[in-house]
Amino acid sequence: MTGKLGADAAVDYKNSDIAEQLAKAAPDGVDVFFDNVGGELLDIVLDNLAPAGARVAICGAISQYQHLEDVRGPKLYLRLAERNAMMKGFVVSHYASEFPRAAAEISELMRSGKLTLPEHVVDGIDRFPEALFMLFNGGHHGNLVVKP
């Protein structure tokens, strides 16, 4: 993330103390968070929001999908009010009218080399189960592709 993609900092939410990593990566608090995980991770970020004007986009909650009958919401949602922050849902289909323009802009960024998409290739259709588990357990970087 930091090397190839140019992010200022990255936090590995699966393998270590997230709150400690977050405090080190964003000592003044998190200004923008795009959430696809939910659960405990969302609460840790809410607890570490920047003091004024932080934004949180909720796009998914993979930590909750295995128990949809008992989805857990954020316990620390009051941090939004305390820190004058905003949380909003985001679903890509809500922006369907923008798809052609976005495709053109992204295509040009890729052609010019300003945007690259990392790809993790797993060779052999027989390794599909292994690749599927990587989606949930990590172990890959970028788009995960199974090559026959």
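**Burial and overall layout**

The model is predicted, so local features need pLDDT of at least 70 and side-chain atom pairs count only at pLDDT 80 or more, while totals for chains, interfaces and linings use all residues. Residues are numbered from 1 along each chain as its sequence is written, and side-chain values use heavy atoms, with hydrogens and water left out.

I noted five helices and five strands in the chain, taken as DSSP runs numbered from the N terminus (helices H or I, at least four residues; strands E, at least two). Along the sequence I read the pattern α-β-α-β-α-β-α-β-α-β. The C-alpha trace spans about 50 × 35 × 30 Å along its principal axes. Of the contacts (heavy atoms within 4.5 Å) with a separation of 6 or more, 49% join residues 24 or more positions apart.

I then examined helix 2 (39–46). Seven of its eight residues are buried, namely Gly39, Leu41, Leu42, Asp43, Ile44, Val45 and Leu46. Their cover includes helix 1, strand 1, strand 2 (55–58) and helix 3 (78–82).

Of its 15 residues, Phe33, Val45, Leu46, Leu49 and Val56 touch the most other members. Helix 1 and helix 2 are the elements that give two or more residues to this core, and helix 2 supplies the largest share, five residues. For Leu49 I listed contacts with Gly29, Val30, Ala54, Val56, Leu80, Arg83 and Ala85, leaving out residues up to four places away in sequence.

**Aromatic pairs**

I found two aromatic pairs, where rings of Phe, Tyr and Trp (its six-membered ring) pair if their centres lie within 6.5 Å, and planes under 30 degrees apart count as stacked, over 60 as edge-to-face and the rest as tilted. The rings of Phe34 and Phe90 have centres 5.6 Å apart and planes at 65 degrees, so this pair is edge-to-face. Phe34 lies in strand 1 and Phe90 in the loop between strand 3 (86–89) and helix 4 (99–112), so the pair ties together parts 56 residues apart in sequence. Phe90 and Tyr95 have ring centres 5.5 Å apart and planes at 25 degrees, so I recorded the pair as stacked. Phe34, Phe90 and Tyr95 form one aromatic cluster. Phe34 is partly exposed at 45% relative accessible area, as is Phe90 at 25% and Tyr95 at 36%.

**Largest pocket**

On a 1 Å grid over the protein atoms alone, a pocket is an open set of points where a 1.4 Å probe fits, with protein on both sides within 12 Å along at least five of seven lines; lining residues have an atom within 4 Å of a point. Of the 41 lining residues, Met1, Val11, Asp12, Tyr13 and Val37 are the closest to the centre. Helix 1 (18–25), strand 1 (32–35), helix 2 and helix 5 (128–137) each supply at least two lining residues. I recorded the lining as 24 nonpolar, twelve polar and five charged residues; Ala, Val, Leu, Ile, Met, Phe, Trp, Tyr, Cys and Pro count as nonpolar, Asp, Glu, Lys and Arg as charged, and the others, Gly among them, as polar.

Conventions:
Buried < 20%, exposed > 50% of the residue type's maximum accessible area, 1.4 Å probe, protein only. Core = buried A, V, L, I, M, F, W, Y, C linked by side-chain atoms within 4.5 Å.
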